[in-house]
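Good morning, and thank you for coming. Please look at the display as I speak.

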Amino acid sequence: MESKPSAADAIPTFTATLIIRRFDPEVDAEPRWQDFDVELRATDRILDALHKIKWEQDGSLTFRRSCAHGVCGSDAMRINGRNRLACKTLIKDLDISQPIYVEAIKGLPLEKDLIVDMEPFFDSFKAVNPFLMAGSAPKGGKERKQSPVERARFDDTTKCILCAACTSSCPVFWTDGQYFGPAAIVNAHRFIFDSRDEGAQVRLDILNDKEGVWRCRTTFNCTDACPRGIQVTQAIAEVKQAILRGKP
Ligand code: SF4
Ligand code: FES
């Protein structure tokens with residue numbers, strides 16, 4: 001029995017060229033660029049293109065992905081020189097008359113193809129104590145109450161999905177891998193400005209380090225790169241102000 005045509009079948013297809021920076025540590029001394037022609041639809045995303053290449057042309061192509069919907073943060077990569085999530089980058093938003101360049105994010109050790117070692121990134125994240133620190137008992141009962149205005153103070157920085165697009169777009173991080181980087185500061189901000197938290201000064205002291213917030217040169221690369229639209233540079237500026245003024 002013939003299968004019914006799906007709605008996707010009605011969308012025209014075309015051939016686009018992806019040029020992907022490949023690296024296999026067991027074979028390659030240096031990364032190399034490889035072209036792939038792939039049949040796509042305007043509604044496809046870069047992640048769909050990578051899947052088609054992996055499933056139909058070269059099963060060795062290696063990349064991370066999980067949710068495919070901009071939630072898990074595992075598929076940040078450089079697409080035409082800009083840090084983006086592959087699952088959130090639509091083909092129709094790219095100029096397919098030109099090849100599409102895809103490579104791993106910069107500043108973290110390259111492991112294979114589009115995969116980098118994320119451990120240094122998560123080490124910086126863990127170093128800022130990214131959890132609620134509250135030693136005293138809640139006032140007047142079991143709950144730590146918070147007003148909508150107090151909650152709004154740090155709402156923006158709760159949206160981080162730890163994709164590393166910001167940190168790996170930062171020129172300071174490229175030249176100094178010891179710098180905490182924007183993502184760690186965003187996640188410190190999320191707790192520093194939480195009215196229920198009692199660990200703000202601990203985090204501010206950590207970020208007042210020579211590899212802390214003062215390394216930021218306000219280039220705004222991080223804000224431009226963030227797929228969640230977080231005002232990363234503003235968050236860093238607010239943490240700098242909190243260090244200068246004392247505990248918020
Ligand atoms: S701040 Fe934005 S770009 Fe940076 S890790 Fe979080 S979600 Fe990704
Ligand atoms: S695969 Fe989860 S954010 Fe893209």
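Let us begin with a pair of helices: helix 5 and helix 8, the latter spanning residues 232-245, pack with their axes 9 Å apart and at an angle of about 60 degrees. Helix 5 is therefore oblique to helix 8. Please keep in mind that this is a predicted model.

The crossing of these two helices is left-handed. Which residues make the contact? Helix 5 supplies Pro182, Ile185, Val186, Ala188, His189 and Ile192, while helix 8 supplies Val232, Ala235, Ile236, Glu238, Val239 and Ala242. By class, 10 of the residues in this contact are nonpolar, 1 is polar and 1 is charged.

Helix 5, which covers residues 182-192, also meets helix 6, residues 200-207. Here the axes come within 9 Å and cross at roughly 155 degrees. Since an angle over 145 degrees counts as roughly antiparallel, helix 5 and helix 6 are therefore roughly antiparallel to each other. This crossing, too, is left-handed.

On the side of helix 5, the contact involves Ile185, Ala188, Phe191 and Ile192; on the side of helix 6, Ala200, Arg203, Leu204 and Leu207. The contact has 7 nonpolar residues and 1 charged residue, with no polar ones.

Thank you for your attention.

How values were computed. Residues numbered from 1 in each chain as written. Chains lettered and ligands numbered in written order. Predicted model: local features only at pLDDT ≥ 70, side-chain atom pairs only at ≥ 80, totals over all residues. Axes fitted to C-alpha atoms, helices over the stretch in contact; angles between N-to-C directions. Helix = DSSP H or I, 4+ residues; strand = E, 2+ residues; numbered from the N terminus. Parallel < 35°, antiparallel > 145°, perpendicular 65-115°, else oblique. Left-handed = near helix turned anticlockwise from the far one by under 90°. Contact = placed C-beta atoms within 7 Å. Nonpolar A, V, L, I, M, F, W, Y, C, P; charged D, E, K, R; others polar.
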